[in-house]
Amino acid sequence: MSTFDYAVIMPKMSMTMEEGELLAIRVNVGDLVKSGDVLFDVATDKIDMEVESPADGVVKEIMGQIGSTMLVGAPVLMLETTTQVMSFDFNTPSPVVETPAEVSIVTPVVIPTSPQGSVKAVPKARVIARERGIDLASISPTGPDGTITWEDISNPQLAGAHDARKAANRKMVAGAIEKTRGIPQISLTRFSIHTTSGLDEGSAHLVSTWARILRRNVHLNLSTISEDLREHVGIALIMESKYGLAMPVFRDPDLMAGNDLLLWMKKTREQARAGKVPVEMLTGATASIFDLSHTKISSAIPLLLPSHTTALSVGAPNASFGHSEISLTVDLRFCDALEASNFLDQLVSAL
Amino acid sequence: MSDRKLTMSEALREAMAIALDERPEVFILGEDIGIYGGAFGVTGDLYHRYGSERVRDTPISELGIVGTAVGAALSGMRPIVEIQFSDFTAQAMDQIVNQAAKIHFMVGGGLHVPLVLRAASGSGTGAAGQHSQSLEGWFANVPGLKVVMPSSPYEAKGLLLAAIDDPNPVIFMEHKLLYKVAGTEDVPEGAYRIPLGVSRVVREGKDLTVVATGIMVSRTLAAAHELDKEGITLTLIDPRTISPLDMDPVYESLEKTGRLMVVQEAPEHGGFINEVIAKVVTSTSLGHLIAPVARLAGMNVPIPYAPQLEKAAVPQVDDIIKKAREVVASWR
């Protein structure tokens, strides 16, 4: 009897679903499963679901990792089955079949092995990977443009240090967010139609505009730690760093000439990317901004950081209508919801 | 031996004098090379020492000069042609490419064309677009021609004597800015020959392998001294003859450094130096690379007349320092 390999994929559970989180895998490689047995659990922002086996068979390989977010259609595990299974393309409407005289048989999906070619690595790193049987995808790149360097692969200690630094960074951010969890806060969102320019131009405009509003409303510009900060407006802008995210603080950006601020922004972004934020830019913030205009993320709930009274996020413009979602989170001990909505309105009209 | 720090002009003149002494069939021909001593003073007093039969002033016709030399070479002479500016080889291209380069092969090896064509090459003298080009790549693309690019007085003398010995045509590209510069090495008084087709490892380092030609060799060396202070050390390889090209020292060096940088004055697009990159990436040497290959070459523009722009159009010491630093810092 011939057997077929059948990839069980991340299913599309709603019209808008593009990816899902793999919550749990209920089977192991080698397990015998029957049609209808639960194979794994998937979560989206709307729904959690158990995915059942489409046929009787043996679990041949598990590709998905628990806790990871996977695109719709990505293979989660591979079944070896004697039953030919129909697979569905969720994106095209099914043709209307009047008399199902014949069941169309779809060729089993063949999953390519680890696509090393798509990983960026210098030639010598590839040679070493091949010699030592290392999967390049398992190496964290530290080179320009996300490229795996020779050092990354030949000196795992350094790569380990890089990972440790990333982990420490993550822990620090998580710790900071944890501290503000008990603070009474509210997040408000509204649409804004504003023209978005370059990444740095957009962020500079946002930072200086919000700083101007905070300066006019001094009770919003309040550090819960230090009184001194009232004198200044310090805005932490969340930026990409080789160690995860960095939050360099732009102090009094509204008092600077636009071009100077832009140059400062560009320079800081480079420094942040290299994981080298200047010491003087590490502290002194009363607010944070998460500018997602140049990503594909339409909105994020801004989280307060310790000692900040406001947090702001700007999402990517909607592809069809051009509007962006701006969200503001405020510490309710210093500002009520009505005031917050007023500030958000001020920001939108200023932008 | 006493201190003999010659300029490249002096070293070339010594080589030609030795050849004139050694072989009665050697003679020199070109524009203003006799009584005037050469546009850049390379032939100097040779006219007075060897006479007008052996150091021959010619009319202003590069095609005629090279044609005469090809005929003389075929009939047993060993002519040394001087072309005032390498740009003017364009006038003589038919004789160089279609005659000199081909004859030996088209008669089944039965004839030889032992001619050397010396030409003043490169920018930096404020002579603008028609007198400043680096055209070595043209000739390197013609099978049957050997192409030599001396980088110092010592190299120039030894390579020119080897070129004169060669049984077939050799194009000898001399950078104008090197003519008047005294070398750092002593130039031996007598005859010595540097074989064509053997690259020279000028210095060795651990971080970067640089292949540079002509004047870029001394510029890279100056850059290397600066980089030494920062702890970046480079291996410098001077191919000396770009055709035939000896790549072995490059492959060997890349095993140690893993980073390659190529430097030439000629424009980047379609330039000879790309051949060095091609040979590395089409060989197993590729597997030693830990960085993308860095390339420094002239801009794809005619050499400008304005001095600042002329300088900006071709790699300078600072450009080499900057690029080398960048490659080494970015790729570990």
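The paragraphs below take up a helix of chain A and then a sheet of chain B with its helices.

This is a predicted model, in which local features need pLDDT of at least 70 and side-chain atom pairs count only at pLDDT 80 or more, while totals for chains, interfaces and linings use all residues. Residues are numbered from 1 along each chain as its sequence is written, and chains are lettered from A and ligands numbered from 1 in the order in which they are written.

Helices (H or I, at least four residues) and strands (E, at least two) are DSSP runs, numbered from the N terminus. Helix α6 of chain A covers residues 337–350, and its 14 residues should span 20 Å at 1.5 Å a residue, which agrees with the 20 Å between its end C-alpha atoms; the expected span is 1.5 Å times one less than the number of residues. Its buried residues are A:A340, A:F343, A:L344 and A:L347, and because they cover an arc of only 100° around the axis, they lie on the same side of α6(A). The arc is that of the directions from the helix axis to the C-beta atoms. A residue is called buried if 20 or more other C-beta atoms lie within 10 Å of its own, exposed if 12 or fewer, and partly exposed in between, with C-beta atoms placed from the backbone. The face turned away from the buried side of α6(A) carries the exposed residues A:L338 and A:S349. The buried residues of α6(A) pack against β9 (185–192), α4 (199–216) and β16 (324–331) of chain A, where contact requires C-beta atoms, placed from the backbone, within 7 Å.

In chain B, an open sheet of 5 strands has the order β7-β9-β8-β11-β12, with mixed pairing; two strands pair if DSSP finds at least two bridges between them. The edge strands, each pairing on one side only, are β7 (200–203) and β12 (294–298) of chain B. Strands β8 (residues 208–212) and β11 (residues 260–267) of chain B run parallel and are joined by 4 bridges.

Helix α9 of chain B (residues 248–257) has the buried residues B:V250, B:S253, B:L254 and B:T257, which fall within an arc of 105° seen down the axis, so they line one face of the helix. On the other side of α9(B), B:D248 and B:E255 are exposed. The buried residues of α9(B) pack against β8, β9, β11 and α10 of chain B.

Methods. Two residues are in contact if their C-beta atoms, placed from the backbone, lie within 7 Å.
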